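Please walk me through this structure.

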Amino acid sequence: MNKLTSNPKLNRWIEEMAALTRPKNIYLCDGSEEEYKRLAHELVQAGVFVPLQKKPNSFWCHSHPDDVARVEENTFICSKDKEDAGPTNNWKDPAEMRQILQTLFSGCMEGRTMYVIPYCMGPLTSPLSRFGVEITDSPYVVLNMKLMTRMGKEALAHMKEFVPGIHSVGVPLKPHEKDLKWPCNPHNRWIVHFPEDREIWSFGSGYGGNALLGKKCLALRIGSAMGRDEGWLAEHMLILGLTNPEGEKKYIAAAFPSACGKTNLAMLKPTLPGWKIECVGDDIAWMRIGSDGRLYAINPEAGYFGVAPGTSMKTNPNAMLTFTKNAIFTNVALTEDGDVWWEGMDGSAPAGLTSWLGEPYDPASGKPAAHPNSRFTVSAKQCPIYDKEAENPEGVPISAILFGGRRASTLPLIAESFSWAHGVLLGASLSSETTAAAKGEVGKLRHDPFAMLPFCGYNMGDYFAHWLEMGRKTTADKLPHIYSVNWFRKGSDGKFLWPGFGDNSRVLKWIFERTSHKAKATKTAIGYVPDSLDLQGIHVDVKSLFHIDREEWLQEVDGLEEYFQRFGEHFPMELKLELAQLKKRL
Ligand code: SAT
Ligand code: MN
């Protein structure tokens, strides 16, 4: 075989994977616009992509009805020692898993092209960036990776070490067999990580979180294991720049579980006059302590793979303006005149829709036209408020970290931690109602520490300890303040107490001023809460938003005590003490 690249290690791996999967041919992606157009055209020819009349160079497609979300029960962390995967991950012995994978991948690319995608997570020259190579038999994946990462020739030129990741839809093609529109293998899905070997194997799904290996697999699961070993943090966090009316700018990172509004917050249009937000990233942050002792973050991604439903000119105008061109829409509805539509975009469903299933949509069915986890994929550079600093190889200095979930009760709108360790407890205590981003029941409250439950590539107890350790790498005055937020609290009438969206800028303002030691706060049992928020122009039930119900909180602490027991010896003593102190304060 001709050597595909000048990287011997990469060539060896490509040859090994080709021998195993037996593709029809091998193609090295250069990441060019020409390549993007050509592959997209091929998908149009195959009837997989429908070009959108109303959005230049944009496409609509829909998946197999059972390949619409991450599959947590099929996701594995195969560390040598089961203990290292911890109680929150599925584990299998690496040798046993490798045997399973050899069988699964044997001949799995027959009749298909094997695409080789060199990519970089983070700015090409950043010391924080990491390289990966994804081998896939899905052209849909290639196109999404082009939008989501820095991919192709340039990434290959900068690359030394790389994380190998192989992905297959798991449907070999016989000679002359007609391909499926969305080939996948829903009864045989495996999303497998070898954290020690820094390797990813993904089989059977074409869905983003399972198939775009730079995202959750590398940037979070393998990334978190790298971060533990190398002294940095890989987090499920957005990064935003916030500028006050005086022109002073600060950066905030915020962790929320999937489909809890990270993209909306990252691109927020403040309702407060004079305040400005710029977007560095909407899903993932890699953070390390800089030479000045402050915490610096980069966004390893180069695009957004955002939840479409609920996105509108009212809730997130900047997202709407981002995907007006050069975008891929998966599992949304298609309008008669060649545009996209989803629930929560505007009013009721227009006539003549094609549903996410590719069928004429019947509004009387009571079913949504767009899948609740339907997505847009688009380059970050198209965001009207894209922060130029997102390209800064050194990253941006973080002044505040937020932890939030969907909680109908108990948690106030905002509370500030007393210390770094108390902040780590806030992160570890995060619970949220489940969403459509993962297969399974929606709306069920579950513990989701740091919004990393599905994404931590090692023992979550050790992860807590790593966070505490990060706090010891610098002085307290240099560390970001840590907050717990809850936009989703409901009143006794079952309605949301807080308007959210652009009005979240009111909360960000308080945080901004807290980190400048300007805003005042009241000490409560659970943290500092605002003495006053800027609520000019809105009417909210502040008392209910900030009510701390002692009974509810004692129950919360009991629940946490029980949950944390799962981590046994790995659960840090320091957090145990933090929790005990919280109980005492209550
Ligand atoms: O599909 S993704 O895993 O990338 C989105 C999410 O669940 O956070
Ligand atoms: Mn996410």
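Predicted model: local features only at pLDDT ≥ 70, side-chain atom pairs only at ≥ 80, totals over all residues.

Residues are numbered from 1 along each chain as its sequence is written, chains are lettered from A and ligands numbered from 1 in the order in which they are written, and side-chain values use heavy atoms, with hydrogens and water left out.

Start with the sheet. Five strands build an open sheet, in the order S2-S3-S18-S21-S17. Its pairing is mixed. Strands are DSSP runs of E with at least two residues, helices are runs of H or I with at least four, and both are numbered from the N terminus. Two strands pair if DSSP finds at least two bridges between them. Strands S2 (50-51) and S17 (303-307) are the edges, each pairing on one side only.

Now look at one pair. Strand S18 (residues 328-330) and strand S21 (residues 375-379) run antiparallel, joined by three bridges. Here Ile328 stands opposite Thr377 of S21.

Next, turn to the loops. Most residues other than glycine have a negative phi. Arg22 is not a glycine, yet its phi is positive, about 50°. Arg22 lies in the loop between helix H1 (8-21) and strand S1 (25-28).

Thr410 is not a glycine either, and has a positive phi of about 70°. The loop between strand S22 (396-404) and strand S23 (414-416) holds Thr410.

Are these residues buried or exposed? Buried means under 20% relative accessible area, exposed over 50%, and partly exposed in between, with a 1.4 Å probe and protein chains only. Arg22 is partly exposed, because its relative accessibility is 41%. Thr410 has a relative accessible area of 4%, so Thr410 is buried.
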